[in-house]
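Please open the structure in a viewer and keep the selection panel at hand.

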Amino acid sequence: MDTQIIGHRTPRVDGEFKLTGRADYAVDWQAQNMLYGYPVPASIAHGALEKLHLDAARAMPGVVDVFHHGHFPRLYRSPNSPTHQDQVSEVRLPFEDERIHYDGQYIALVVAESFEQARAAAHAVQADYRQESGVIATLLDTDQEGRLLESEGTSRGDPEKAFDEAPVKIDHTYHIAAESHMQMEVHATLAEWRDERLIVHESSQGVVYQHKAMARIFGLPDESVEVVSHYIGSGFGNKLFMWPHAVATAGAAQMLGRPVKTILPRQQDMENGGNRPASRQRLRLAADRDGTLLSMLHDSTTETSFVHSYVDSLGSATPSLYACDNVAISQRLLEVHHGTPCPMRGPGETSGIYALETALDELAAELEMDPLELRRRNYADQDPASELPWSSKHLDDCYTGAAKRFGWERRDPTPGAMRDGDEIIGWGMATASWPGLRMPCAARVELRDDGSVLAACGTQDIGTGTYTIVAQTVAELSGVALKDIEVRLGESTLPAGPLSGGSMVTATALPAVAAALRNAFDALKEVATGEGGAFEGIDPESLEIEGGALKDGQGKRVSFGEILSEQKLGSVNGEGQAASGDEKGQYSFRSFGAHFVEVRWDPGISRLRVARVVSSIDIGRAINPSAARNQVEGSIVMGIGMALTEKLDYDPRDARLINNNYADYIVPCHADMPEIDVELPDNPDYAFNEFGARGVGEIGLTGIAAAIGNAVYHATGKRIRDLPITLEKVMDT
Ligand code: MOS
């Protein structure tokens, strides 16, 4: 496709709204007569609530009510079904009983006239607990195995036998601490009941899902719930599915007959709003002396809470990444006493690929082979898991291009051999990968008599640029200027669109928008060729779309707006549907890339820095290369945090979260930024969709922590197998 707008670096169409403060985030909404909710968190992690002391809080200024077990509407649990799109982050309802399963679990919701009054009164609530023993803070503190999830296991060949008989092998266990999403905008809900209808403003990555879950929980027909999420200060997965604060807020609003807004403080956001679960992974890799992989065994355990089974599928990428005849994946799940985990950017594969790509580096060292050469040696020309051809794979070009720009051929393989003054330089690399995902999607387009176009879809812009790429698509296909295109997203009443997750919105929503636009063109042509129309009597098929106008074979052009206004019509509409992609099951869809990292370790002052990252990520066609590159750059920053600093610290004695704030939970800041060089080779994947795009939100985070860890090994000779690689683990002691 020869494109004018798609594939070009269009500035964000919503940039001005964000910069001028007019973008309406959930917390910005006000309702008439609105109250504020503030949750009261439990201060134990395991036991039961014996008594709540509420008199002091109730007597404080502005306090309207305090909700808790025994004083809350009777609600239903949501079935939590992916097929019925009513998934929630925690199936247990707030205030369902008096059991306490984790530190911070809500035991009450104070509602007051102002935010400050609600917060002050929440702090005045006292509780008596019955604490129970046997607390497990995290799987990092225990050698309990967890229960085996048969459904997550896969295998091919005879991996155990091949491993036992192989000449070269490694067998190591890797740990990753739980991480927090640390999205800028905290979770927030404004719930308002108008007659029997519930209207919710939420910072949500899935308005369609949340509206269905709310409907199930409050026993309402779907049509009686509306969820709005116009702008999101990111989420990284913790806003995919609704959390209990939203249910508590809607229940309080129902009982009081007034709108209630709840904004979680950062502490509660971190305790109750999701996390990437800690994990333990055993990797057994075996190879022939020439580096040919003979066996891969990947056994994982992840955490979940006692109130919800969240499975982070760590082994899901492993069977597809390398050509190897003997592969086995297993996964276990262990309940621990901290807040419920949930998807976090590249869920499962980010942690799984960390372990796999670190293990491959260890195998390369064992083989005395270049780590890049080992990957090339085992290149998978088709998907070894499904045995289907890839729709499009150019990982070899990513390896070559990034290695060249990085200067990989100058790498001295001996750990610690490359120096620059006081600093030891370490170079490491890893493969990145994320599946190409698409879901069914609907959209609507309206062509209007003023020449403008409206495109609407019930998906969201999590901050990645969905508003912009939908506008680009409409502009590309219609020739209407970007300024005359309005995009509406983030409303559950719009045609149903996907979660802003799985890096799937681009590939999912754009074909539906295009289908809707084409149907709108057909409606317009019908008007234009009908009685009194600008092209009366002409075959509609012969009309072309050009520059926001219809054009016939004689070169006559009439703009969309003129065609409509001449006929006294305000607009014509088109509805569009797009399916989930490859209905025939002909291809395997997956994106690949490569990261090359330089770290600098100054042993004299124990300073470890990521100095340079070169990445080449093949995502098919980037609809907007600026926005796409920005996703990879952001992922690299997030990967530095995962590799070096980020860890949710649970007190092993009582499973309480210690570092529940931005000061003590360390994320990379500007001073930590390396030189980042991201290449997005342009290889449109037209087998996946007509725009050739596979999506980009998550792939950049996969592999980056491994590349950093591999570089740390190359600098220091120390193989640190648990993330984050904090300084005390690197220092000579
Ligand atoms: Mo992403 S973890 O699919 O929001």
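Begin by selecting strand β18 (residues 423–435) and strand β26 (residues 590–602), which run antiparallel and are joined by 12 bridges. This is a predicted model, in which local features need pLDDT of at least 70 and side-chain atom pairs count only at pLDDT 80 or more, while totals for chains, interfaces and linings use all residues. Residues are numbered from 1 along each chain as its sequence is written, and side-chain values use heavy atoms, with hydrogens and water left out. Helices (H or I, at least four residues) and strands (E, at least two) are DSSP runs, numbered from the N terminus. Within this pair of strands, select I424; its bridge partner in β26 is W601.

Axes here are lines fitted to C-alpha atoms, for helices over the stretch in contact, and angles run from 0 to 180 degrees between N-to-C directions. Contact means heavy atoms within 4.5 Å.

**Two helix pairs**

Keep α9 (residues 349–367) and select helix α16 (residues 704–716): their axes come within 8 Å and cross at roughly 30 degrees. That makes α9 roughly parallel to α16, a term for angles under 35 degrees. On α9, the contact is made by I353, Y354, E357, T358, D361 and A365, and on α16 by A705, A706, N710 and Y713.

Now move to helix α12 (residues 466–478) and helix α13 (residues 505–529), which pack at an angle of about 35 degrees with their axes 10 Å apart. The residues in contact include I469, V470 and L477 of α12, and L510, V513 and F521 of α13. By class, this contact of α12 with α13 has 10 nonpolar, 4 polar and 1 charged residues. Ala, Val, Leu, Ile, Met, Phe, Trp, Tyr, Cys and Pro count as nonpolar, Asp, Glu, Lys and Arg as charged, and the others, Gly among them, as polar.

**A covered helix and a loop residue**

Select helix α5 (residues 207–217), where 10 of its 11 residues are buried. Buried means under 20% relative accessible area, exposed over 50%, and partly exposed in between (1.4 Å probe, protein chains only). The buried residues of α5, I217 among them, pack against β11 (197–202), β12 (225–228) and α6 (244–256). After α5 comes G219, whose phi is positive, near 65 degrees.

Finally, which residue lies in the loop between β3 (63–68) and β4 (99–100)? Select R77 in that loop; at 44% relative accessibility, R77 counts as partly exposed. R77 and I217 are 140 residues apart in sequence and 5.4 Å apart in space, C-alpha to C-alpha. Leaving aside its neighbours within four places in sequence, R77 is in contact with V91, R92, L93, E96 and I217.

Notes:
Parallel < 35°, antiparallel > 145°, perpendicular 65-115°, else oblique. Pairing = 2+ DSSP bridges.
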